[in-house]
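Visitor: Could you take me through one part of this protein closely? I would like to look at a single sheet and the backbone around it.

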Amino acid sequence: MKFLTATHPAFAGAALTVAMLAGPAMADSGKGVAYVSNQNGEITIIDLATMEPSGQIDAGGGSPRGIGVTADGKYLVSANRDSGDLAIIDRVSGQLVKRVPIGENPEFVRVRGDYAFVSFEPASEGGPPPAPGSQEALELQKKREAEGEEPARIAVVDLKKGEKVREIVGGMETEGIEFSADGKKIIITNEADENLSVHDIQTGKLVKKIDTKKYGNRPRGVKMHPSGKWYAATLEYGNKLVVLDGKFNVTKVVPTGAVPYGLMFDRSGDRLFVALAKGKALQVFDTKTWQPIKEIPVGDRCWHFTYTPDESHILVACGRSHDIHVVDARTLEPVKTIEDKKLPWGIVTYPKSIGSLDMPK
């Protein structure tokens, strides 16, 4: 498969554009397209009618991770680690419209309405975190305390203006982002602080902090149930997930496979899917009984995944095996592997679909 590549001149000023991708690489097929952010490369486009790569987009900043699409399909956005910014890309043409400065180590992105919420971590050391309780972890904590290192923050970007309009202060190494059913609160996971925190979206004021240390270490993903009445969050180094009620109280702790990361509910909310980064599987739970239904074999270090817009398949981005795994959503059986070779991190689709990084609305 020959890739059609968008390139661009060196960054100069707030806005820049790139050459347009030709023809079918950016055209929406009958089943839509998926966009995969690659830490060691560009954004790969997958035609969901053929389940084959059809092109790629250079986001311009180096090492794109978090990725999202606006509801109207106008913009594709990516958080670029190396340049510390958010790329706003015209989704159809492939033109890079603007790069918005965010801060050091931007990572997770959630798009909500005309805004992108982007976590960034000034104190991040890069690479995998030290094991909780290890000498390395203790030394890192002392270093941060001694140097007064900054907590992570959520940058709120107005996509119409192309500007960062405010910040919400999180904890150390803020990762996952979710919203409350009424749209008034944002829920974030703070890995190094071993907690989830709930904030007022407009003011950034801390509403509640949920300590997770007694259940397991390093909270990573968080998702609201489709009913809007409760939430689930993964504890990466605890091999568990926690269930929280509408008031953000922990009501249940559920064992998972090795190193749970991204998660999503199906449309009904009867099933929860969890990516096991070291378990090399997509684990499926019955949310009424919390019994595991199945472990679907995938690749190595799979972080994020999504349904296709027609919900016939699930695509799983697996970083360390450098591929995308395609799963039949009805039978829960693997059907195909798409080579990527560039450390895939995140994946979303257009039309927008249910996933660990996105929701249809």
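Guide: Let us start with a pair of residues: S197 stands opposite K209 in β15. Strand β14 (residues 195-200) and β15 pair in the antiparallel sense, over 5 bridges; strands here are DSSP E runs of at least two residues, numbered from the N terminus, and two of them pair if DSSP finds at least two bridges between them. Both strands belong to an open sheet of 4 strands, ordered β12-β13-β14-β15 with antiparallel pairing. At its edges are β12 (174-179) and β15 (206-211), each pairing on one side only. On average, neighbouring strands of this sheet are turned by 20 degrees against each other, direction ignored; the axes are lines fitted to C-alpha atoms, and angles run from 0 to 180 degrees between N-to-C directions.

Now step to the loop between β11 (163-169) and β12, where E173 lies. Phi of E173 is near 60 degrees, a positive value in a residue other than glycine. Most residues other than glycine have a negative phi. E173 is also buried, with a relative accessible area of 11% (buried means under 20%, exposed over 50%, partly exposed in between, using a 1.4 Å probe and protein chains only).

A word on the model: it is predicted, so local features need pLDDT of at least 70 and side-chain atom pairs count only at 80 or more, while totals for chains, interfaces and linings use all residues. Residues are numbered from 1 along each chain as its sequence is written, and side-chain values use heavy atoms, leaving out hydrogens and water.
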